[in-house]
Structure formats: C-alpha cells, structure tokens
Amino acid sequence: MRYAFFISDAHLGTDAYTPSKQRELKLIKLLRYIQDRYPPKETNIILLGDIFDFWFEWKHSVPAGFVRLLGTLADLTDSGYKTYFLPGNHDQWTFGYLSEEVGIEVVPDPWTPELNSKKFFISHGHKIPPLTLSERLINTLFESSIARKMFKFVHPDLGIWIAKKWSHTSRQNHPDVPPRKALEKYEKFITQMEKRTHYDFYLFAHLHYPIIKRIGNSVYVNTGDWLTHFSFAIFDGNTIKLARWED
Ligand SMILES: [Mn+2]
C-alpha cells in the first residue's frame with residue numbers, strides 16, 4: 001500500500017459556510033481525481049471523522065441524503081480502493097451500514113496502522129487529553145451502549161432534529177482563527193507519546209484548521225476541513241503533504 005489520502009470534517013448535512021450539496025460534489029471531484037490517477041491496489045482513502053454533521057444508524061434506517069458521496073465511495077471500494085472510516089464526534093454511530101453497504105472499513109480511534117513501513121498514529125482528535133470535565137462527560141455519553149440503544153428508539157425525524165440542535169451549538173465552538181491552544185495540546189500529546197513509542201506521522205482532524213509541522217522525528221498533520229479550507233493530506237509512500245482542492 002503506497003498512497004494514502006486523508007480527508008476530514010466535511011460536516012455534510014449542514015449548510016454552514018458553503019451549502020452541503022456543493023461541498024459534497026467537491027468531495028466527489030477529489031475522489032474521482034484519485035480514481036483517475038492512483039492505482040486501486042496501492043491507494044488508501046482514509047476518512048478521519050466528522051464527514052457527516054450527524055450520522056446515526058437505526059436498524060432499518062439511515063439519515064436521508066449523501067447518496068452521491070456514498071455511491072462514489074461504494075464505487076471506489078467495489079473497484080478495489082481500501083477506504084477507511086475513523087468516526088468523529090459527530091458521526092461515531094455507525095453499526096454496520098457503512099461497512100456492509102458501502103464497503104468502508106470502520107477503524108477505532110486512535111488507529112495505528114503501518115503504511116509502506118511508516119508508522120502512523122491517526123485520531124479524530126476529540127479524545128486527545130487533557131479533556132475538560134464536560135468533554136469527558138459528553139464523550140462517555142456518546143460512547144455509551146445504553147445511550148445508543150435508547151437513541152435507536154427515538155423516531156429518526158425527531159432524533160435528527162435533536163442532533164442538529166446539538167450540532168449547531170457545538171459548531172459555534174469552532175472559531176475561524178487558528179485554534180492555538182488546541183494545536184498546542186496536540187503538540188504536547190505528541191511530545192509525550194514520542195517518549196514511549198515512535199510514530200513517523202501523527203494525523204489529527206477536528207480543529208478545522210490545516211497544519212503540518214515537524215515535531216522531533218515525527219510529522220504532525222491536521223487535515224483541516226471540507227467546510228472552508230477544502231484541505232486534505234496525501235502520503236506518497238514516503239512523505240506527507242497538505243493540499244487544497246481548488247476549482
Ligand atoms: Mn470533530
């Protein structure tokens with residue numbers, strides 16, 4: 001496996017910034033670009049979380065929309081591209097639909113694969129310590145299997161309405177300026193981690209701010225977002241670069 005593309009934080013389903021449909025079509029252009037130029041057997045597509053502003057799978061129902069993206073991803077997986085989905089804090093409720101229907105492999109957070117003999121530490125970022133008490137409570141609630149079971153009993157129309165209310169509040173916490181404190185927190189985390197285990201590349205999302213920076217012998221990358229930056233990271237088998245989709 002030689003190439004990898006890292007994409008995050010499209011928050012599809014919200015029309016904040018650029019309308020969702022426009023951003024979805026732009027994302028599909030990137031996926032078609034990959035399909036046209038990169039060989040399936042050697043290319044990974046890694047979705048690093050919050051691709052959807054809200055995703056939840058009921059037993060016989062999934063949120064309406066995103067058919068073009070899901071169809072394109074299914075086409076990619078059918079033609080041999082390895083596609084991974086690392087859930088973010090907005091779309092961690094996938095219980096088999098994305099893997100069985102779309103062919104995407106759902107991976108845990110953090111995920112530490114080896115690609116072309118390089119070691120990767122990949123995380124959405126919302127669980128990187130230290131966390132405030134409210135962050136810890138919300139992470140525990142969202143990961144709770146009892147809460148998930150209970151939410152399945154909520155009618156999808158009501159459930160998605162509640163989720164959108166929450167998501168709106170949550171997005172107000174994402175400023176458009178460099179989130180300096182959070183970036184520093186991730187850097188500290190990397191420095192601590194490197195004392196125990198070495199990873200060549202640390203990939204994070206969640207902050208909606210693209211960044212690439214050398215820390216000691218590692219490279220720290222934040223993929224940015226598909227809301228305003230339309231940024232993504234490319235691993236060419238050896239090094240990693242940030243890029244921006246322009247059109
Ligand atoms: Mn997030």
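**A sheet and its surroundings**

Guide: Six strands make up an open sheet here, in the order β4-β3-β2-β1-β10-β11, and their pairing is mixed. Start at the ends of that row: β4 (105-106) and β11 (240-244) are the edge strands, and each has a single partner, so one side of each has no neighbour in the sheet. Keep in mind that this is a predicted model.

Let's zoom in on one end. β3, which covers residues 82-85, pairs with β4 in the parallel sense, over two bridges.

Now walk over to β2 (43-47). Between α1 and β2 there is a loop, and Pro39 is in it. Is Pro39 buried or exposed? Pro39 has 11 of them inside 10 Å, so Pro39 counts as exposed. Pro39 and Ser79 are 40 residues apart along the chain, yet their C-alpha atoms are separated by 9.9 Å.

Ser20, Arg23, Glu24 and Leu27 are its buried residues. Viewed down the axis of α1, these buried residues fall within an arc of 105°, so they line one face of the helix. The general idea is handy here: an α-helix has 3.6 residues a turn, so residues three or four places apart point the same way. On the other side of α1 you'll find Gln22, Leu25, Asp36 and Arg37, which are exposed. And what covers the buried residues of α1? Part of that cover is α2 (67-78).

Next, look for the greasy middle. The largest nonpolar core holds 47 residues, and those with the most contacts inside it are Phe6, Ile46, Leu47, Leu48, Tyr202 and Leu203. Take Leu203: beyond its neighbours within four places in sequence, Leu203 touches residues including Phe6, Leu48, Phe120 and Val221.

Finally, zoom out. The whole chain has seven helices and eleven strands. Of contacts between residues at least 6 apart in sequence, 68% join residues at least 24 apart. For 247 residues, a compact globule would have a radius of gyration near 18 Å, and this chain's 17 Å agrees with that.

Conventions
Residues numbered from 1 in each chain as written. Predicted model: local features only at pLDDT ≥ 70, side-chain atom pairs only at ≥ 80, totals over all residues. Helix = DSSP H or I, 4+ residues; strand = E, 2+ residues; numbered from the N terminus. Rg over C-alpha atoms; globule rule 2.2 N^0.38 Å. Contact = placed C-beta atoms within 7 Å. Core = buried A, V, L, I, M, F, W, Y, C linked by C-beta atoms within 7 Å. Buried ≥ 20, exposed ≤ 12 C-beta atoms within 10 Å, placed from the backbone. Arc of directions from axis to C-beta. Pairing = 2+ DSSP bridges.
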